[in-house]
Every structure is written in structure tokens, then in C-alpha cells.
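Subject: Handover of a structure

Dear colleague,

Please find below the structure that I am handing over to you. My findings follow after it, arranged by topic.

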Amino acid sequence: MAANLFTPCRMGKFDLSRRVVLAPLTRCRAIDGIPLPVHAEYYAQRTTKGGFLITEGTLISDTAVGFPGTPGIYTEEQVEAWKKVVDAVHSKGGIIFCQLWHVGRTSNRVYQADGGAPISSTNQSISDKWKINLPDGTLDDPHKPRALQTHEVWQVIEQYRQAAANA
């Protein structure tokens, strides 16, 4: 069975050199949501011709944030920085997909641009056993989220659509 993991396969229009892929691993290395040259180096180091990589969770908007140092793909500066990452992977013949991410209720007011409650599909807090990593390295409880109104759901859908177009 293990030998099959290293055999080529086709995934849609992509020819993969093997069935093993790089799963998303949050790096927490972005500054102000912008991927850095270290991102291009990291992903390029882990690709080969026909290798398939899935990026770390990549934020779709400024309301999607819940961890320090996570990259986004919703501003032009972020998109331009991701192009360098993609170019580094493609230069080695690799295939890279962007994992789009909104953390929902697993956030904290410190990450919200307006300092308000995180948005979610519910107003119920996540488990009281969960802690949020703050930008200063300390831990805090997630803040009670604000449930989106029905008309607001379309805004988040549009953010996902735009992030996908940006990717």
C-alpha cells in the first residue's frame, strides 16, 4: 500500500508526481497579513516537479483574523506577495492551492479592525477550554461572537469569492 503513495496520479487538470501532498500548516510568519520572502522560501523548499502543496489558512478579509502572523489574500499588497510564493513553487514545477480561511468565532476582539465582536454563524462562544493566541504571545479567551444577520452572509460569500479570484 505505501508504494501506491509514491505513484503518479491525475487530479483534475493536474498531473501529480505522487499521492502525498503538503497539507496546510499555519506558519504565523506574515506581517500585517502580508506574506514575506520566507513564505516563498518555505513553500519552494517543500515542492518538487509535480508536487502538490496546500497553503496555510489564508484570510479572506480583515474580519477573518484569529491568530497572529497569518497571511491574507484580500488586499493588493497581499496578492502581490503571494505571487512571489506561487512563482517560487511553479519555478520548481510544483502545484500550489490556496486554502481560504475565516476563523469565525475562534477569534478575539483584538483581531477585529473595529474592536467589535468576531462574526460567526452563531452567537454562541466556542468551548471555554479554548484559548486564543494574542499578538503579544499571551493567551486569552475567545470573545462572544456576533451572529451574522441573513443579509450579511452574502458579504462573507463575496469575500470568499473575491479571495478565490485573487488566488
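Does Thr 55 count as buried or exposed, and why? With a relative accessibility of 2%, Thr 55 counts as buried, because the cut-off for a buried residue is under 20%. Please bear in mind throughout that this is a predicted model.

**Surroundings of Thr 55**

Thr 55 is placed in strand E3. A polar atom of the Thr 55 side chain lies 2.9 Å from the backbone nitrogen of Gln 99. Leaving out residues up to four places away in sequence, Thr 55 touches Pro 24, Tyr 43, Trp 82, Ile 96, Phe 97, Cys 98 and Gln 99.

**Overall architecture**

The chain has 4 helices and 8 strands. Read from the N terminus, these elements follow the order α-β-β-α-β-α-β-β-β-β-β-α. Along the principal axes, the C-alpha atoms fill a box of roughly 45 × 35 × 35 Å. Of the 167 residues in the chain, 37% are buried. The accessible surface of the chain is about 9500 Å², and carbon and sulfur atoms hold 56% of that surface. Among contacts with a separation of 6 or more, 66% are between residues 24 or more positions apart.

**The largest nonpolar core**

In soluble globular proteins, nonpolar side chains tend to be buried together. In this model, the largest nonpolar core has 23 residues. Tyr 43, Leu 53, Val 85 and Ile 96 have the most contacts inside this core. Two or more residues each come from helix H2 (37-45), strand E3 (52-59), helix H3 (76-91) and helix H4 (150-166). The most is given by H3, with 5 residues.

Tyr 43 deserves a separate look. Apart from its neighbours within four places in sequence, Tyr 43 is in contact with Leu 22, Leu 53, Ile 54, Thr 55, Glu 56, Trp 82, Val 85, Val 89 and Ile 96. Tyr 43 is one of the buried residues of H2, together with His 39, Ala 40, Tyr 42 and Ala 44. The buried residues of H2 pack against E3, H3 and strand E4 (95-101).

**Aromatic pairs**

How many aromatic pairs does the structure hold? There are 5 aromatic pairs in the structure. One of them joins Tyr 42 and Tyr 43, whose ring centres are 5.0 Å apart and whose planes stand at 85 degrees, so this pair is edge-to-face. Both Tyr 42 and Tyr 43 are buried.

For Phe 67 and Trp 101, the ring centres are 5.5 Å apart and the planes are at 15 degrees, so the pair is stacked. Because Phe 67 lies in the loop between E3 and H3 while Trp 101 lies in strand E4, this pair ties together parts that are 34 residues apart in sequence. Phe 67 has a relative accessible area of 18% and is therefore buried.

**Cysteines and backbone angles**

A disulfide is a covalent bond between the sulfur atoms of two cysteines. The structure holds 0 disulfides. Cys 28 is accordingly in no disulfide, and the nearest cysteine sulfur, that of Cys 98, is 15 Å away. The relative accessibility of Cys 28 is 39%, so Cys 28 counts as partly exposed.

Cys 28 is found in the loop between E2 and H2, and its phi is positive, at about 55 degrees, although the residue is not a glycine. Asp 32 is also placed in the loop between E2 and H2. Asp 32, likewise a residue other than glycine, has a positive phi near 50 degrees. With a relative accessible area of 71%, Asp 32 is exposed.

**Lys 13**

Lys 13 lies in the loop between strand E1 (9-11) and strand E2 (14-16). At 66% relative accessibility, Lys 13 counts as exposed, because the cut-off for an exposed residue is over 50%. From C-alpha to C-alpha, Lys 13 and Val 153 are 32 Å apart in space, and the two residues are 140 residues apart in sequence.

With kind regards

Terms used. Residues are numbered from 1 along each chain as its sequence is written. This is a predicted model: local features need pLDDT of at least 70, side-chain atom pairs count only at pLDDT 80 or more; totals for chains, interfaces and linings use all residues. Side-chain values use heavy atoms; hydrogens and water are left out. A nonpolar core is a set of buried Ala, Val, Leu, Ile, Met, Phe, Trp, Tyr and Cys residues joined through side-chain atoms within 4.5 Å. Buried means under 20% relative accessible area, exposed over 50%, partly exposed in between (1.4 Å probe, protein chains only). Contact means heavy atoms within 4.5 Å. A polar contact is a pair of N or O atoms within 3.5 Å; within protein, one must be able to donate a hydrogen and the other to accept it, and residues adjacent in sequence count only if both atoms are side-chain atoms. A disulfide is a pair of cysteine sulfur atoms within 2.5 Å. Accessible areas come from the Shrake-Rupley method with a 1.4 Å probe; for residues, only the protein chains shown count as cover. Rings of Phe, Tyr and Trp (its six-membered ring) pair if their centres lie within 6.5 Å; planes under 30 degrees apart count as stacked, over 60 as edge-to-face and the rest as tilted.
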